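Please look at the sequence and the fold together before reading on. The text below starts from a single contact and then widens to the chain as a whole.

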Amino acid sequence: MPLAQGPRHVHHEENDVLTTYKQQAEFILKEISSQALPSSNMTILVDHHCFNYMVENGICFLTLCESSYPRKLAFHYLQDLQQEFEKLDRSLADRVTKPHTFIKLDTIIGNIRKQYVDTRTQANLSKLEAHRQKDLDIGTEELSLITENRRRVEMIQRMMEAHISTSPIWDSKTLEIIALKWTPITILVVTAVLLWTGLILQDDFRQW
């Protein structure tokens, strides 16, 4: 469940676009929760933007950036958010029952975001320079492929459910007949295995 989101200042004509990205972000969070996406650092490409996320201690930190924004800075930003979140009382987050109601994080997100808006500040240039020789171990995936995989999984699930509901073998009477027919054989097989094991142990004991 989304705990908080940063402040947004958009024009009216951008609302539809923002709504689309918000829906995509919620879809990504659901995929992470269902373990369809890895709980490690990852970049998801969509149009001319990308979602970057990291998961720490069961909390996902996610941000939407333009594709041209340096990915290393994006993950520095997420790491800063995670560090600030660790300073808060974790029990407060556990008690949240409605989306975007962890108000304390809104101010933190806004303050940290200001530090990363301009990539040309000395602080951000230093971060990029310090990690120039180090490649980030981050997976990359297209959102369209993730969406298509989800559709396939749901289609297979629907087909399996339909097959189970219509297959006569799942009728209770049929299952009862199968159980009555095979249970004695199963018991005999298990008894034979136990008996054979007992004979082997006895032979080994006599040898000793």
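A salt bridge (a side-chain nitrogen of Lys or Arg within 4 Å of a carboxyl oxygen of Asp or Glu) joins the side chains of Arg150 and Glu31, at 3.0 Å from N to O. This pair ties together distant parts of the chain, since Arg150 lies in helix 6 and Glu31 in helix 1 (residues 15–33), 119 residues apart. Both Arg150 and Glu31 are buried; buried means under 20% relative accessible area, exposed means over 50%, and partly exposed lies in between (1.4 Å probe, protein chains only).

The model is a predicted one, in which local features need pLDDT of at least 70 and side-chain atom pairs count only at pLDDT 80 or more, while totals for chains, interfaces and linings use all residues. Residues are numbered from 1 along each chain as its sequence is written, and side-chain values use heavy atoms, with hydrogens and water left out.

The protein chain has 7 helices and 4 strands, where helices (H or I, at least four residues) and strands (E, at least two) are DSSP runs numbered from the N terminus. Their order from the N terminus is α-β-β-β-α-α-α-α-β-α-α. Of the 208 residues in the protein chain, 24% are buried.

The structure holds 5 salt bridges. One of them joins the side chains of Glu84 and Lys87, at 3.1 Å from N to O. Glu84 is partly exposed, at 27% relative accessible area, and Lys87 is exposed, at 63%. Arg120 forms a salt bridge with Asp118, with the closest N and O atoms 3.4 Å apart.

Helix 2 (residues 71–86) contains Gln83, which counts as partly exposed because its relative accessible area is 46%.

Two packed helices are described by the angle between their axes and the distance between the axes. Helix 2 packs with helix 4 (residues 103–116) at about 150 degrees, the axes being 10 Å apart; axes are lines fitted to C-alpha atoms, for helices over the stretch in contact, and angles run from 0 to 180 degrees between N-to-C directions. Helix 2 is therefore roughly antiparallel to helix 4, a term for angles over 145 degrees.

Helix 6 (residues 143–166) also holds Met155, which is partly exposed at 42% relative accessibility.

How values were computed: Parallel < 35°, antiparallel > 145°, perpendicular 65-115°, else oblique.
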